[in-house]
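Dear colleague,

Please find the structure below, handed over for your reference. My findings follow directly after it.

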Amino acid sequence: MQRRVAQRYAAERRFKWLGFAAVALSIAFLAFLLITMVARGAGGLTSTFLTASDSTSAEMAGVYGALKGSFLTIIVTMALAFPVGVLSAVYLEEFARRNRFNDFIEVSINNLAAVPSIIFGLLGLAVFLNLMHLPRSAPLVGGLTLALMTMPVIVIAGRNAIKAVPPSIRDAALGVGASKMQVVFHHVLPLAIPGILTGTIIGMARALGETAPLLMIGMRAFIASPPSGVTDPATALPVQIFLWSDEVDRAFVEKTSAAIIVLLVFMLLMNGLAIYLRNRFERRW
Amino acid sequence: MTKEKQPITTNSTVPFPSTAVAADAARDDAGIAKEDTAWTQVPEPAAGSSPITTEVPAPEPQDTAEGAARAPKMTADKVSVFYGAKQALKDVSIQVHDDKVTAFIGPSGCGKSTFLRCLNRMNDTIVGARVSGDIKLEGEDIYSPRMDVVQLRARVGMVFQKPNPFPKSIYENVAYGPRIHGLAAGKADMDVIVEKSLKRAGLWDEVKDRLQESGTALSGGQQQRLCIARAIAVDPEVILMDEPCSALDPIATAKIEELIHELRGRYAIAIVTHNMQQAARVSQRTAFFHLGELIEYGKTKEIFTNPREQRTQDYITGRYG
């Protein structure tokens with residue numbers, strides 16, 4: 001008896017250490033990234049760098065244009081992907097009948113979430129540029145393309161969040177004579193919003209760091225002035241990093257690192273905002 | 001048939017005016033006295049429970065002229081329910097009366113909850129459920145395409161097994177129904193409805209100082225009474241209760257039972273219960289279900305003292321169930 005108890009405690013300690021080691025490994029990589037980037041790029045974080053746009057000479061090059069491009073792109077993405085994704089999730093979960101067609105839709109959406117981003121880039125190129133003749137290199141097209149990519153993630157997260165709302169709440173609302181619509185919009189959706197926002201955060205972070213589809217729709221051009229709207233030619237932060245890392249001029253190494261720092265901070269801010277929103281909507285039972 | 005609701009009579013000791021009824025009651029009592037000998041043979045639930053006979057509220061105005069006096073509030077005729085290919089309910093015919101509590105008893109899985117959920121079409125939400133037969137609310141077929149299910153559920157309210165308040169304030173919980181049905185003209189009107197409903201549910205004194213607190217912060221029994229307040233806030237004609245006390249402790253249960261007594265007369269009440277003593281205490285009509293069939297339906301007194309069917313007898317004496 002005594003021995004067995006001792007064994008169980010030992011197992012518990014071993015497991016704790018294993019878990020800690022796993023966490024430490026991932027933290028170590030993050031720390032390595034941060035430290036090298038700060039060491040290399042901190043010097044590059046000058047006011048010129050933060051306010052100027054791309055330039056052929058390293059000392060004149062800045063990240064502001066790319067930052068603004070990224071911001072506009074993500075706005076377009078979210079404005080499109082969030083409502084469409086949430087409405088799709090609501091429809092599929094609450095209104096759609098269970099039949100083969102909807103099973104097929106479900107499988108397709110799950111597949112869509114796993115499609116490599118370069119393929120979305122090609123799709124954007126074919127549809128938005130070649131077919132619809134939208135402006136090349138614009139945040140509008142970038143945002144549309146990324147929205148296609150983000151939407152399935154939001155749909156999947158939204159469906160799971162809606163499924164997690166206890167049926168007793170639906171019964172309660174139906175029992176006092178709420179219509180299907182009222183049940184969904186007064187009760188189910190408010191309770192599912194924190195879960196939906198979590199999924200949205202994940203989708204947004206992915207979209208923010210995405211490079212490949214933006215390359216396909218022409219956001220890799222050399223653009224020396226910040227975009228003033230969603231139809232102006234622009235570039236995005238990750239694309240800018242990709243472009244600078246390719247430069248032969250050694251001075252751009254520092255610029256690349258500095259841009260990575262800016263991208264990480266930008267992501268942190270966006271995620272922080274999303275988490276703040278999620279916590280605000282969270283309800284306790 | 002009077003459309004007006006009767007005043008609540010909380011105590012069952014109110015002397016009944018009509019001599020005809022008094023005579024009837026006396027006859028009933030005599031009948032029970034005769035059967036008192038039978039009680040001695042009945043084991044557990046009955047032992048020492050003369051309460052079963054005394055606690056049944058005496059005034060039952062409609063008992064005099066069976067069926068002739070007043071049409072029942074809801075009638076179910078040959079109702080069958082199928083879940084896919086499985087038949088959960090076979091040809092059930094029951095009346096729910098305006099001024100009486102009707103209890104549905106029976107072992108687990110006997111179809112009593114299924115039947116209850118037919119009465120306000122909550123089974124509509126279950127995929128693959130199919131209802132046949134005839135259910136009428138004041139003569140209107142509730143399964144007819146002309147019946148609006150939302151209106152129906154406002155007229156036939158429901159209280160569930162597990163207390164399920166919305167994760168909103170106490171006030172909002174009660175105000176939700178009246179709001180979606182547009183029953184209150186303004187904030188002041190709504191305040192009145194909320195107060196009245198909470199008072200009728202016997203919860204007002206406990207929560208009047210904290211109406212803005214979350215409904216889920218209340219105790220289980222209070223939550224259940226909040227759910228009852230929420231149901232009566234839309235002023236329904238019938239209240240369905242699906243084992244409303246099964247998740248509650250004895251004291252909270254006693255409060256709910258007391259509440260059912262008080263609500264009787266104002267609303268037609270149908271209650272599903274696992275607890276036979278509870279059926280005996282709160283109801284005037286009892287229906288006994290077994291394996292999807294209605295075995296016996298009649299006055300509670302008779303079901304409990306002199307059941308016609310052997311299966312009923314066996315169940316209420318605790319031989320199975």
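I223(A) is partly exposed, because 19 other C-beta atoms lie within 10 Å; a residue counts as buried with 20 or more such atoms within 10 Å of its own C-beta, as exposed with 12 or fewer, and as partly exposed in between, the C-beta atoms being placed from the backbone. The loop between α9 (212–216) and α10 (237–245) of chain A holds I223(A); helices (H or I, at least four residues) and strands (E, at least two) are DSSP runs numbered from the N terminus. Neighbours within four places in sequence aside, the contacts of I223(A) include S53(A), D54(A) and G65(A), where contact requires C-beta atoms, placed from the backbone, within 7 Å. S55(A) is 168 residues from I223(A) in sequence, yet their C-alpha atoms are 8.0 Å apart.

This is a predicted model, in which local features need pLDDT of at least 70 and side-chain atom pairs pLDDT 80 or more, while totals for chains, interfaces and linings use all residues. Residues are numbered from 1 along each chain as its sequence is written, and chains are lettered from A and ligands numbered from 1 in the order in which they are written.

Two residues separate β1(B) from β2(B) in a hairpin, and G84(B) in the turn has a positive phi of about 65°. Y83(B) stands opposite K86(B), and S80(B) has S132(B) in β4(B) as its bridge partner.

Finally, 21 residues of chain B are in contact with 16 residues of chain A.

Yours sincerely

Key
Contact = placed C-beta atoms within 7 Å. Pairing = 2+ DSSP bridges.
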